[in-house]
Amino acid sequence: MAEEMRIVLRNYGKIDPLNIDEYIAAGGYGALNKARGMSPMDLIGEVKASNLRGRGGAGFNCGMKWNFACQAPADQKYVICNADEGEPGTYKDRLIMEGDPQSLLEGMAICAYAIGATQGYIYCRGEYPSVVKTLNAAIAQAKEKGVLGDFSIEVRMGAGAYVCGEETALIESIEGKRGEPRIKPPFPPVIGLWYKPTIVNNVETFANIPAIVEKGAAWYAGIGTPTYPGTKIVTLTGDVVNKTFFEVTTDTTIQEVIFGFGGGISGGKAFKAVQIGGTSGAFIPAAHLDTPIGFDAMSSIGASLGSGAVFVLDESRDIVDVTARIARFFAHESCGKCAPCREGTMRMHDLMDKINAGQGQTADIALLNKLGRVMSYSCLCGLGQAAPAPVLTAIEHFSADYDAKLA
Amino acid sequence: MNYQEILAQYADKPGGMIEAFHAIQEKLNYLPQEVIIEAARVFDKPVAQAFGVATFYSMFSTQPRGKYVIRICESAPCHVAGAAEVVAALEQELGISMGESTADGLFTLEFTECVGQCQATPVITINGAPYLDVTPARVAGIIMACK
Ligand SMILES: Cc1cc2nc3c(=O)[nH]c(=O)nc-3n(C[C@H](O)[C@H](O)[C@H](O)COP(=O)(O)O)c2cc1C
Ligand code: SF4
Ligand code: FES
């Protein structure tokens, strides 16, 4: 079986997260010093060449994004770490922040130097009050040591809204408003927090940065799958023997994740389906288990890597019931700003409940398909665009489960 | 500290209304109407906007809640792990339905989506602290320990 490779979790469980000296003794803040010896353009070029792509779900080239913010003229720029982690089944960012908070701060400080920012924010979900304490303690230690230079970091707490993980909704929330997404473009690297150029990156993305700066772009680009190099933390939930987390290279297949690292299906049952990337991910049948967990490989089978959550269902599970629950999630989390999502998620939930209660008709399934397609291209933000994915893929791959429940 | 003093502490923080609401809820467990109106004044925003913020986020409540707010995760991984049975056990133990508070003002039951402790489903939180691998059999003991 393939082995774990720990880059973002390199210090996890090995150092005391609340003692910056242990981080420094493990080589911490060496990368920031090295970065400060480079010109911002060279630094950005290095990050770009590593081909590190965002670990928050959209998979955008990190160095390219930094370059936009670097080029944008402004008197103030901001670095924001997206620690909202609301995707059900996901807790990878919590692991990083609990186990090695300084690596996140160092990654943010390197970004700040690259784009010319002096103020940073970590937007941490309100469900993680103890992580907020850890982060504040880590920031206080970094300040006392003087390692961050003129870069300040403040932690802001979310308050239980999944949509605030969307970068522009997150920015609205830091500004103290309802977390409703903005219309894009303009994108945050041009117009972001308080209308200033702003980089928003995921926790796992930032935690990769010190290792890339230290060991070089070529080293990183050579790990895993070439179009989405590096590692990914996967969190396993559902009917799997090892309900735990692993950091694996991105050429690892779904099969290896579930049956190798995950130890297979629990209770001696057979595999039925896996949903990857959290609740907005597609349901994947056994036929696609040999797909690597890289971003593009997942897209090629109509799925998405998303946050790296891996939710496994065994043969005994009722996929219609699970999908109905997921439909409720989106109806509840829709922010209501745009009609296709506000109305669509509600109708989708109604239809799924009706089918799940044994009262559905064949026409309801056709209606779900049509509604889902319309939502995927007409909703304003990724929440509404992705909401139909579990419903549509469950119908596509597990139509027998639906047929069995029709009236 | 009264709520005016708490709000005043955040007045100079850009976009600080949400942080201020967290601090108020830490004390009062909910956001009374007069607090929201005062927040609008302190942060120089329309009252409608302050209510908009207070009602947008699921962790904020504009209704009084119990001293212990128990939230049950019903996201898919907790759902398949048996969250519904935990809900039933909590409702039975406390004699209230989801969304209600006990008459003695001690407990409130709420649903939540994933709280990021999915390695040990099903999960509940009590005033933000997670309880992992909860079973119906453990519910009475957990409630007892609060009292
Ligand atoms: C509904 C929705 C929720 C999201 N939630 C998160 C989240 O919890 N964490 C995150 O990093 N990105 C989340 N994203 C993606 C962000 O909008 C953004 O792409 C990301 O923070 C960029 O960072 P990255 O390039 O490092 O991935 C979400 C997007 C959408 C549409
Ligand atoms: S798609 Fe949904 S969540 Fe996104 S802006 Fe529209 S209503 Fe809000
Ligand atoms: S799914 Fe319940 S805690 Fe994550």
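This is a predicted model: local features need pLDDT of at least 70, side-chain atom pairs count only at pLDDT 80 or more; totals for chains, interfaces and linings use all residues.
I'll start with ligand 1. The shell around it holds 19 residues, and the closest are G56(A), N82(A), N201(A), N202(A) and T205(A). Sorted by class, that shell has four nonpolar, nine polar and six charged residues.

Which elements supply at least two residues each to this shell? They are β4, residues 198-202, and α16, residues 382-386, both in chain A. The largest share, three residues, belongs to β4(A).

Now the contacts to oxygen atoms of the ligand. For V200(A), a backbone N or O atom is 3.5 Å from a ligand oxygen. For N201(A), a polar side-chain atom is 2.9 Å from an oxygen of ligand 1. For N202(A), the distance from a side-chain N or O atom to a ligand oxygen is 2.7 Å. On its own, ligand 1 would expose 610 Å², and the protein buries 89% of that.

Next, empty space. Rolling a probe the size of a water molecule over the atoms shows where such space is left.

The second largest pocket has a volume of about 930 Å³. Its lining counts 27 residues, and those nearest the centre are G126(A), P129(A) and M157(A) from chain A, with H22(B) and E26(B) from chain B. Which elements give this lining at least two residues each? In chain A they are α7 (129-145) and β3 (152-157); in chain B they are α2 (17-28) and β1 (68-73). The largest share, six residues, comes from α2(B). By class, the pocket lining has nine nonpolar, eight polar and ten charged residues.

On to the cavities. How many of 30 Å³ or more does the structure hold? There are six. Of its 13 lining residues, R125(A), E127(A), G160(A), A161(A) and Y162(A) lie nearest the centre. That lining divides into three nonpolar, four polar and six charged residues.

Among the residues lining it are the cysteines C335(A), C338(A), C341(A) and C381(A), along with P181(A) and K337(A). Here the classes come out as seven nonpolar, three polar and one charged.

Last, chain B as a whole. Its domain assignment gives domain 1, residues 3-56, and domain 2, residues 68-146. Taken over C-alpha atoms, the centres of these two domains of chain B are 28 Å apart.

Technical notes: Residues are numbered from 1 along each chain as its sequence is written. Chains are lettered from A and ligands numbered from 1 in the order in which they are written. Side-chain values use heavy atoms; hydrogens and water are left out. Domain bounds come from an automatic or database domain assignment. A residue is near a molecule or strand if one of its heavy atoms lies within 4 Å of it. A polar contact is a pair of N or O atoms within 3.5 Å; within protein, one must be able to donate a hydrogen and the other to accept it, and residues adjacent in sequence count only if both atoms are side-chain atoms. Accessible areas come from the Shrake-Rupley method with a 1.4 Å probe; for residues, only the protein chains shown count as cover. Helices (H or I, at least four residues) and strands (E, at least two) are DSSP runs, numbered from the N terminus. Ala, Val, Leu, Ile, Met, Phe, Trp, Tyr, Cys and Pro count as nonpolar, Asp, Glu, Lys and Arg as charged, and the others, Gly among them, as polar. On a 1 Å grid over the protein atoms alone, a cavity is a set of points where a 1.4 Å probe fits but cannot get out, and a pocket is an open set with protein on both sides within 12 Å along at least five of seven lines; lining residues have an atom within 4 Å of a point. Grid points are joined across faces, edges and corners, and a volume is the space filled by probe spheres set on the points.
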